[in-house]
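Here are a few exercises to work through with the model open beside you. Try each task before you read its solution.

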Amino acid sequence: MKEGKIKKILYSKTGELGKLAAHVNKCMDDDDIHRLRVGVKKLRALLRFISTGNDSKDPELSHELRDLYYTAGAIRDARLEVKKIHEAKAELPVYTGRLYRTIAVNEKRYNRLYSKKIFKNDEKKFKELKLQPMSMAVA
């Protein structure tokens, strides 16, 4: 795959994630949180398949995007756990209370962490990279 096409894909994926992260920031929808996390995993996987072709560090997600990803994961995990408890009709008030606090704390953290700049900075970083595809060994 040529450098221009790789950059276009990186730019496109980052833009999509930026829009999704903004939507999550507004409504904290479970499906959007899931799609955001899957999108970040796909972007991270793509970054693992490319290298700069020189001695500099391989491209990677920004620390800010990683923080957003992990915070969204904490929200999703706690919500899924609450859902399982309700479906099982279990009476676990102390545990569910902790889960609800975890959700509330991480939703506030996500709101604090979220910024359009995260995605704009990553888009800019990916545009400036000198990329070449990694060679794939065939056995």
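Helices (H or I, at least four residues) and strands (E, at least two) are DSSP runs, numbered from the N terminus. This is a predicted model, where local features need pLDDT of at least 70 and side-chain atom pairs count only at pLDDT 80 or more, while totals for chains, interfaces and linings use all residues. Residues are numbered from 1 along each chain as its sequence is written, and side-chain values use heavy atoms, with hydrogens and water left out.

**Exercise 1.** Find the salt-bridge partner of Arg 35 and say where the two residues lie.

Solution. Start with the term: a salt bridge is a side-chain nitrogen of Lys or Arg within 4 Å of a carboxyl oxygen of Asp or Glu. The partner is Asp 32, with the closest N and O atoms 2.2 Å apart. Finally, check exposure (buried is under 20% relative accessible area, exposed over 50%, partly exposed in between, with a 1.4 Å probe and protein chains only). Asp 32 is buried at 5%, whereas Arg 35 is partly exposed at 45%.

**Exercise 2.** Work out how Asp 122 and Lys 125 are placed in their helix, and how they meet.

Solution. Their side chains meet in a salt bridge, 3.7 Å from N to O. Asp 122 and Lys 125 are separated by about one helical turn because they are 3 residues apart in helix 5 (residues 116-128). Asp 122 is buried, at 2% relative accessibility. Salt bridges with shared partners also link Asp 30, Arg 79 and Glu 107 into one network. The whole structure holds 6 salt bridges.

**Exercise 3.** Describe the aromatic pair and what lies over the face of Tyr 69.

Solution. First, the cut-offs: rings of Phe, Tyr and Trp (its six-membered ring) pair if their centres lie within 6.5 Å, and planes under 30 degrees apart count as stacked, over 60 as edge-to-face and the rest as tilted. There is 1 aromatic pair in the structure. Tyr 69 and Tyr 70 make up this pair, edge-to-face, at 5.1 Å centre to centre and 70 degrees between the planes. Tyr 69 is buried at 6%, but Tyr 70 is exposed at 52%. Then look over the ring: Arg 37 lies over the face of Tyr 69, 4.2 Å from the ring centre. That label needs NZ of Lys or CZ of Arg within 6 Å of the ring centre and within 35 degrees of the ring normal.
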